[in-house]
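The structure under discussion is shown first.

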Amino acid sequence: MTTQPLPDHPSVTPPDGSRPQDRRWNSALIASACVLAVMVVAMYLESRIWWCKCGEATIWISDVWTSHCSQHLLDPYSFSHFSHGLIFAGLFGFIGARRRWPVPWQLFTSITTAAAWEVAENSPFVINRYRTVTMSLDYLGDSIINAVGDVLCCILGFFVARKLGTWKTIALFAIIEIVMLVTMKDNLTLNVIMLISPIQAIKNWQTAGHLPPA
Ligand SMILES: [Zn+2]
């Protein structure tokens, strides 16, 4: 099967020789940096800590069943945020091809959506919901550095999807979902299901072996 790269729009070079595409990237990247700064301030105002309270400089945490998860820069859930980037690139690329929506602003919209989710995810309402209905029993909210890592993973996913094209991106998304399901009993699909409409049987399966005896 042949793969088609996600569509872009060739820009018309004006008589003065400047490249509107470059200016577009500059504007979108500056705007994206501002959005990230707003996210950091908003999370700080939500009383999120900057880094895991253990204070260790570890960048990657592999065990999701520790209090270090979601507190350092990267952990297995980073792959879900990478998948967000895959989805945004596909969805916004699809819309952009029909509405002449430039790629830099598709990326900006992806970053804004990811950053807004990080702020919402760390609101008391969502934190409490996670703790009661999902496997994240001790979830106390992300650290600010973890939220930054999540958005960076989303950005990486966006560019990887644009490089791979539609079918390879769908295959990569499926592989990530399956590997996460097998290795950590959680993935983006289950996360969405459990957050919106929790199923007790899934929660029991996810938490089996990780709960103290009643
Ligand atoms: Zn830690």
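## Aromatic pairs

Seven aromatic pairs are found in the structure. Rings of Phe, Tyr and Trp (its six-membered ring) count as a pair if their centres lie within 6.5 Å; planes under 30 degrees apart are stacked, over 60 edge-to-face, and the rest tilted. Tyr-44 and Trp-50 make a tilted pair, with 5.8 Å centre to centre and 35° between the planes. Phe-88 and Phe-92 are stacked, at 5.4 Å centre to centre and 5° between the planes.

The model is predicted: local features need pLDDT of at least 70 and side-chain atom pairs count only at pLDDT 80 or more, whereas totals for chains, interfaces and linings use all residues. Residues are numbered from 1 along each chain as its sequence is written, and side-chain values use heavy atoms, with hydrogens and water left out.

## Surroundings of the aromatic rings

Phe-88 and Phe-92 lie four residues apart in helix α2 (residues 78-99), so about one helical turn separates them. Helices (H or I, at least four residues) and strands (E, at least two) are DSSP runs, numbered from the N terminus. Phe-88 is buried at 13% relative accessibility, and Phe-92 is buried at 9%. Buried means under 20% relative accessible area, exposed over 50%, and partly exposed in between (1.4 Å probe, protein chains only).

One aromatic cluster is formed by Trp-25, Phe-158 and Phe-159. The charged end of Arg-98 sits over the ring of Phe-94, 3.9 Å from its centre; this requires NZ of Lys or CZ of Arg within 6 Å of the ring centre and within 35 degrees of the ring normal.

## Cysteines

The whole structure contains zero disulfides, a disulfide being a pair of cysteine sulfur atoms within 2.5 Å. For Cys-154, the nearest cysteine sulfur is that of Cys-153, 8.8 Å away. Cys-154 is buried, at 1% relative accessibility, while Cys-34 is partly exposed at 44%.

## Nonpolar cores

The largest nonpolar core has 28 residues, and Met-39, Tyr-77, Ile-111 and Val-151 have the most contacts inside it. Such a core is a set of buried Ala, Val, Leu, Ile, Met, Phe, Trp, Tyr and Cys residues joined through side-chain atoms within 4.5 Å. Two or more residues come from each of α1 (20-45), α2, α3 (103-121), α5 (144-164) and α6 (166-184). The largest share, eight residues, belongs to α5.

Apart from this core lies another, of five residues, including Val-126, Ile-127, Tyr-130 and Leu-195.
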